[in-house]
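Open the model in your viewer and keep the selection tool at hand. The stops below say what to select and what is there.

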Amino acid sequence: MKIAIVVGHNKAAQGAVRVTDKRSEYDWNGQLAEMIRSHNTAAVKVFHRTPGGGYSAEIDRVYKQVDAWGADCSLELHFNASGSSSVSGGETLSSGTSGSMRLAKLVRPAVAAALGNKDRGVKVLSRTDRGGRSLWQGRAPAVLVEPYFGSNVSDCNAADKHMDELAEAYYRAAAAFLGHTAATPPSVQAKPLTPPTSAPLVADTPSDDERGRRSQTYRAGGRYAPAGGSARPPQLTNPKGNTMTKSIFTSWTFWFNAASFVVALATALADAFPDYREALLMVVTIGNVILRFKTSQPVSLKPPRTN
Ligand SMILES: [Zn+2]
């Protein structure tokens with residue numbers, strides 16, 4: 001069993017920095033990598049990317065080392081960043097090959113359980129997508145992990161608090177992938193996941209890592225949907241691959257049927273009571289006058305912010 005842990009970015013260009021303590025991806029994940037290795041120093045080897053020759057040369061060089069070592073799988077460590085401090089949660093990136101996908105589907109729920117933040121699912125990158133080279137260059141099945149947003153304070157705090165569990169989650173998921181142990185330790189299994197939400201899949205302002213990653217989204221049942229290929233927005237899926245639900249009050253179908261019901265009820269009442277129309281007119285008029293005095297806040301047609 002050989003598990004390669006690749007620390008994202010390099011000493012010269014350390015990636016995103018955390019809003020809480022300015023620690024970089026390279027720094028924070030370097031520490032995390034050693035914690036993963038401590039679970040099995042014989043089976044886990046940590047690789048650092050070295051600057052020089054440009055981005056592609058850097059990726060090719062480190063995955064050549066991973067291959068030369070004879071890795072059975074690899075995980076490249078990152079964390080996410082967004083221009084909006086409210087965007088949160090974790091995601092795992094896969095090449096979409098059967099091995100990478102199986103590894104990603106073991107890693108994602110284990111990490112979500114360890115950190116308890118929003119599960120943004122598994123996303124598939126092509127070789128030419130930004131970050132895709134890390135997933136396609138090596139021989140072994142690979143994933144790139146973005147367990148939380150460094151731009152979100154509570155995400156950072158949760159990651160610090162549960163850094164041990166995160167390291168263990170990575171190790172156990174990789175070991176389970178290679179048929180050695182259960183994916184999730186009993187201590188982590190009991191923790192509840194954050195409930196599913198209808199928040200958008202993609203941050204307002206994509207980070208360097210996130211940009212270019214939108215061309216394909218993995219859907220339940222193994223379908224890959226190219227962006228722009230359909231009018232439907234990408235759906236969030238939970239670790240079991242089920243589509244997440246949204247509040248009924250944000251459903252157009254719900255409000256359409258509620259309005260239809262009110263119209264039907266009004267029609268039935270009008271038939272039953274001759275003076276119904278005059279009474280209804282009074283109720284509507286008096287109701288609007290009272291509500292107008294009760295609240296003077298201006299209104300807008302713009303939809304509410306969702307994150
Ligand atoms: Zn990164």
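Select Pro51, which is partly exposed because 14 other C-beta atoms lie within 10 Å. A residue counts as buried with 20 or more other C-beta atoms within 10 Å of its own, as exposed with 12 or fewer, and as partly exposed in between; the C-beta atoms are placed from the backbone. This is a predicted model: local features need pLDDT of at least 70, side-chain atom pairs count only at pLDDT 80 or more, and totals for chains, interfaces and linings use all residues. Residues are numbered from 1 along each chain as its sequence is written.

Pro51 belongs to the loop between strand 2 (44–48) and helix 2 (55–69). Helices (H or I, at least four residues) and strands (E, at least two) are DSSP runs, numbered from the N terminus. Which residues are in contact with Pro51, leaving aside its neighbours within four places in sequence? They are Asn10, Ala12, Ala13 and Glu58; contact means that the C-beta atoms, placed from the backbone, lie within 7 Å.

Next, select His9 and Lys22. His9 lies in the loop between strand 1 (3–7) and helix 1 (25–37), and Lys22 lies in the loop between strand 1 and helix 1. His9 has a positive phi of about 65 degrees although it is not a glycine. Lys22, also not a glycine, has a positive phi near 65 degrees. Is His9 buried or exposed? His9 is buried, because it has 24 C-beta neighbours inside 10 Å. Lys22 has 9 such neighbours inside 10 Å, so it counts as exposed.

Six of them form an open sheet with mixed pairing, in the order 2-1-3-6-4-5; two strands pair if DSSP finds at least two bridges between them. Strand 2 and strand 5 (119–124) are the edge strands, each pairing on one side only. Strand 5 runs parallel to strand 4 (residues 90–94), and four bridges join them. To find one partner pair, select Leu93 and its bridge partner in strand 5, Lys123.

Finish at helix 8 (residues 252–272). None of its 21 residues is buried, so helix 8 lies largely in the open.

Notes:
Two residues are in contact if their C-beta atoms, placed from the backbone, lie within 7 Å.
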